[in-house]
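User: I have a model open here. Can you walk me through a few parts of it?

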Amino acid sequence: MLGERLKRFRIARGMSLVDLETAIDHLVSSSTLSKYEKGTLQPSAKTLNRIAVALGIKSAQLWGEPPCDVELIAFRKRTQLGKKEQERIKAFVAEEVEKRIWLQEQIAEQNTLELPILGITVKNLDDAEEAAYTLRNMLNLGIAPIENLIGVLEDHGIYIIEVNASESFDGISAVARDEHDKIIAAVIAIRSDVPGDRQRLNITHELGHLILDIHQNVDTEKAAFRFGAAFLAPAEQLRKDVGQQRKRFYKKQLFDLKNRYGMSIQAILYRLKDLEIITDTYYKKWCVDINKWGWKKSEPIDIFPEKPERFCQQVHHALSDGLITEKDVERLLNRTGQTTPDKPLSERRQFLALPRKERHRILSEQAKEMANFYENNKEWQEWEGGPVVEHHHT
C-alpha cells in the first residue's frame, strides 16, 4: 500500500524518481525510492517524513488507507496526450477527490449526491435529448438557461476539479466508492484556462457520461454531446427564443444566443441544426464562413470561465471553526508549491548553478515585484490588521 501511495503522489506532481531524490536532498537514491514504490524495501520514519515534506503532504497519507477508491467512467483526451501525462492527470484527480472526502469527514458534512449515476438508459440520440430534460426536472431547473453551471452542480453534490494540462486533455468523469463499494461522490475534472463557452459544454458532456447508460449501438461521444447541448439549451426554450424554423440568422442574433446560453456560436448552430430549426445546407454555409473569419479557434464575444467555489469555501469554514490548521489549508488548496510546481526541479538546479551575483540579481528583481504587488493591491491591504489567510477560489 505504501509503495502504491508514494508512486501516485509522486506522479500527481509530475515528478520523476530523480526529481524526488533531488527534492529530499539525496537522502536516499532514486533506485532506493523505486524499491520503496515496488514494496521491496521499507523506508525509515525519518526518510518517510522527508519524502512527505517534499511532496507537500502528511506522512500519514503515505502509509494510511485511502478514504475512497476513484473509478473513471470516461477520460476524454486526444491521441497526442502522452502516457505519462495521462497517468499524472489520473493521479492528480484521485488525490483531489481524497482531499474533498477527508475534509467532509473533518466538518462532519454529508455529501448529498443527487444524480442517477449511469441510471438513464439511452438507446438513441433522442433518448439523450430526453435525458437532459429528465435531469433538469430532477434538479428543479426548469427550462431557462443556467447562469452558473458549476454552482448548480456543486450544490447537488458533484465535485468539479480543475486540472492544469495541455490542450490534448478535455475532461474526466468519475465516481468515488467507499470500502463497501457504495458511490459517495461524483466527479467532473476539466482543464483550467479554457474559454467559458467551451468549459460549460465540456462539463455537461462529462455530466452525460456520468448519468447516461448508453447502449452499444449508440456512439457514446455523440450521445454525451447531444445531452450536454440539450442540458444547456433545452429545445423548448430555444424554440421560444428563435422560433420553430429559421431561414436566416444574423451575427448579432448569434452573439445574443451565445451570451444567453453560454455556448459557442459553433455549438449553437449545431444545436439549431439538430433541432431542424435551420437546414443542413444553411448550417454548412455558416461553417464555411466561421472557418473563413477565423472563428473556429477564436470566436467574437468572450464567455468568462466559471470557477469551482464550494471546496475553497468549505476549507475556509473549517479553518475558521478550528477544525483544520493553516498548514492543512496550504495542503488542501495546493499552496505548498509541491502539487503543481511553477518550475521543474531541473530548472531550479540550473538556477542554483548560476554565479552568486546573478542569483542575487534575480532574487532582488523578484523581491521588488512582490513589494510593488503588496503596495498596490487593495485586496491584500484589506487583510492588514486581521488574520493573514489567502482567500481565493480554486
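Analyst: Strands E4 and E5 form a hairpin with five residues between them, and Asp181 in the turn has a positive phi of about 70 degrees. Strands (E, at least two residues) and helices (H or I, at least four residues) are DSSP runs, numbered from the N terminus. This is a predicted model, where local features need pLDDT of at least 70, side-chain atom pairs count only at pLDDT 80 or more, and totals for chains, interfaces and linings use all residues. Residues are numbered from 1 along each chain as its sequence is written, and side-chain values use heavy atoms, with hydrogens and water left out.

User: How many bridges join E4 to E5?

Analyst: Seven, and the two strands run antiparallel. Strands pair if DSSP finds at least two bridges between them. Val187 in E5 is the bridge partner of Ala174.

User: And which sense do E1 and E4 pair in?

Analyst: Antiparallel, over eight bridges. Ala74 has Ser173 in E4 as its bridge partner.

User: Why is E4 largely enclosed?

Analyst: Nine of the nine residues of E4 (169–177) are buried, so the rest of the structure largely encloses this strand. Buried means under 20% relative accessible area, exposed over 50%, and partly exposed in between (1.4 Å probe, protein chains only).

User: New topic. Where is His26?

Analyst: His26 sits in the loop between helices H2 and H3. His26 has a positive phi of about 60 degrees, although it is not a glycine. Most residues other than glycine have a negative phi.

User: Is His26 buried or exposed?

Analyst: Exposed, at 52% relative accessible area.
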